[in-house]
Amino acid sequence: MTRLIVGPFNRVEGDLEISLDLENGRIQSAQVNSPLFRGFEQIMVGRSPLDALAIVPRICGICSVAQSAAAASALADAMGIAPTPNGLLARHLIQATENLADHLTHFYLFFMPDFARPAYAGRHWHSAVAQRFAAVKGDATTEVLPARASFLKLMGFLAGRWPHTLAIQPGGSTRAITAGERIRLLALLREFRGFLEKRLFGDSLAGVSQLASKDQLLAWATGRAGDFPAFLNAASDLGLDRMGRAYDAFLSYGAYDLFPAGTWQGGQVSAFDPVAIDEDTTSAWLAAGQPRHPAQGETVVDAGKPAAYTWCKAPRYAGQPYEVGALARQVIAGHPLALDLVQRDGASVMARVVARLLELALVLPAMEGWVLALQPGEAFCAHGDMPDDVTGTGLVEAARGSLGHWLSIKRGRIERYQIIAPTTWNFSPRDGNALPGPLEQALVGLPAGEGAPPTEQHVVRSFDPCMVCTVH
Amino acid sequence: MKVLWLQSGGCGGCTQSMLCSEPRSLFDELRDAGIEFLWHPALSLESGDEALSILEDCAEGRLAFDALCIEGAMLRGPNGTGKFHLMAGSGRPLTEWVERLARHAKWVFAIGSCTAYGGFSANTPGNPLEACGLQFDEQTPGGLLGAGFQSSAELPVINIAGCPTHPGWVVDTLEKAALEGITAGDLDEFGRPLLYAGGLVHHGCARNEYYEFKASAEKQSDLGCLMENLGCKGTQAHADCNLRPWNGSGSCLRGGFACIACTEPGFESPGHAFQETPKLAGIPIGLPTDMPKAWFVALAALSKSATPKRVRNNSVADHTVVLPAIRKKGGGK
């Protein structure tokens, strides 16, 4: 048995190190280390409750809006108010803009460059893929970065800026959209649709949304010009449709009133029960204790703790590790393509990427509908008072999965603030029952070490990890 | 110009923001200005050992680079060990890497307010992370590299402060360095490039008419000036956010929310709620830079008394409720 330490594991948001125990060139077991601790939960303690809206976006530069939305939801829950109809539409639009931009960034800048590696030089697809997707130098970025920047102009209108907006409030948004701006929003969505259909898919968004099985997907991709077909071609050749399976247990808090909350395991969708979540600190450099529900959670540093190997807690649902993200959302929503991929081969590198790009095709048309539904002149923000002693929960979906905030307020100040981020679920360490986290499980059995193909690179990045959120 | 980029106690948002550079692709823009990333944690191909060997070669002076860009606060804790951020794969504190690399850099750029002054990481009560900026601990010179540090271009750390930084602040500063270098005269006393920090956020604010008349917003989403009640520090914060728009047409003020002065050291703990203006006897404590209090009070009283109905009514609504009057030719008697 040899141990291999892989890091810095880049092109993930933040810092990541993975320890692999190898036997005959295969991974026997993996330990995932999130090596950066910032302590945002402590930063919040003692602050005025609404200060959370200014602080939490700074947890993450890529899921900044998701953090804002979770805080705003938790504060709204505490205040007993709900956003106005316009405020809710604006929030959906702001969150969807970030989530779709993140899917795009992940695919083009973080994930695809690995296929340009010299290790794949002999493959029939390699030279074209390297030309288009090589890190920084690939042809694709010339179009993708302006398309992304243009799409994020939605934020200029809806949220002032991205990242780190204060526009999202418990009662909706600070930024009322005018009749003229509503037209501009539609034009920006149309422009992004054009990029996706022409370059990413080589088909209409409706055509992509209707793909209902793996066979249909691969037949659709054959001979089609487009970046998604190019990925499917390379991924099929490398067998990435059958690599990277974790537990096939999925969780979603539900997104935009479009995709439902729930869990999925063994073909069964179940209702989501927020009480079933707890966090275990066994493998983290944090004080030991029984697993706690985040509403009673603690984050107390114990940097010298023996046998710990990460700053990340291990969240569990009904005591089990769960995978979150676009694939989880689409499986729980019952999209036939996502279900077929998972039921045939289990969650895989390919299934996770497909689900992410499928969301681009599904959510952009919904965004067009939300813009049309905006009523300029009607209120964008509801108002209310914060009780002095109260608790609140905010559960949202970031691009990369389920994000929860749990807060309690005492004598008008934040007394406790606990956060479970998507990658906290996916990249969690072993818990008190020695159950590995989803990525730790997904890596077992893969080739690694001297002379091995860079498979583990694809598997790790297939989760679209956000390490700055993971520990926060 | 070869750029080496590392991230530490921050959120990565300055890189995400930089990728919004426009109108051209960031990579095309930088390439044509002669700027290349030797390694960037979010963008480069090299991972694991390949990346570590680039960093080690740079730290040992075997591989030349020009600019060291650091994004995120320096975490020196617990107890000076740096264990709150050991660089993945190396087992060594990120702070140690920064100290080694800074010795070989022509220019050291702090990307974002965390890196410049410590940021939120330095604002847990008691600062258990022992977090600081590269050359400042909030307003106090020092930080990780020390008040006397100079890079080989004989400059202190260049603090491109902001939370996050505007893509233009970073791109323009890097391009200026590549084109003709940077001198001490290009920076303010907190090390910020004057090319973006030479004015105030207030300059160009779309709510200026409301400001002039002290027609103030009373609640979130109101159109009025955010200074009197909702915590806006645009008249004190050094940056060009309302002259150099964000994401096409935005800014914090245009987004309807207060400037929290994110380019200023110590903005994270203002001593009051972010979205409320602290007042003494009804007068905001944080008055505009350069303005004597008595003048402000007198001017405010005068302008409030002269506020047109249109401005007053619109200031407390989230959309225009009174349109500007149209003056017709030959009328107006």
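Residues are numbered from 1 along each chain as its sequence is written, and chains are lettered from A in the order in which they are written. Because the model is predicted, local features need pLDDT of at least 70 and side-chain atom pairs count only at pLDDT 80 or more, whereas totals for chains, interfaces and linings use all residues.

The contact between the chains draws 71 residues from chain A and 67 residues from chain B, two residues being in contact if their C-beta atoms, placed from the backbone, lie within 7 Å. On the side of chain A that touches chain B, at least two residues each are supplied by strand E1 (2–6), helix H1 (40–44), helix H2 (52–55), helix H6 (140–151) and helix H7 (153–158) of chain A, where helices (H or I, at least four residues) and strands (E, at least two) are DSSP runs numbered from the N terminus. H6(A) provides the largest share of this side, 6 residues.

Within chain A, the axes of helix H4 (residues 85–111) and H6(A) come within 10 Å and cross at roughly 170°, the axes being lines fitted to C-alpha atoms over the stretch in contact, with angles running from 0 to 180 degrees between N-to-C directions. H4(A) is therefore roughly antiparallel to H6(A), a term applied to angles over 145 degrees. In this pairing, A:Thr97, A:Ala101, A:Leu104, A:Thr105 and A:Tyr108 of H4(A) meet A:Ala140, A:Thr141, A:Val144, A:Arg148 and A:Phe151 of H6(A).

Chain B contains 10 helices and 11 strands, and its C-alpha trace spans about 80 × 45 × 35 Å along its principal axes. Of the 333 residues in chain B, 55% are buried, a residue being buried if 20 or more other C-beta atoms, placed from the backbone, lie within 10 Å of its own. In helix H4 (residues 94–102) of chain B, the buried residues are B:Leu94, B:Thr95, B:Trp97, B:Val98 and B:Ala102. Seen down the axis of H4(B), these buried residues fall within an arc of 160°, so they line one face of the helix; the arc is that of the directions from the helix axis to the C-beta atoms. The buried residues of H4(B) pack against strand E1 (2–7), helix H3 (48–59), strand E3 (67–71), strand E4 (74–75) and strand E5 (107–111) of chain B.

How values were computed:
Buried ≥ 20, exposed ≤ 12 C-beta atoms within 10 Å, placed from the backbone. Parallel < 35°, antiparallel > 145°, perpendicular 65-115°, else oblique.
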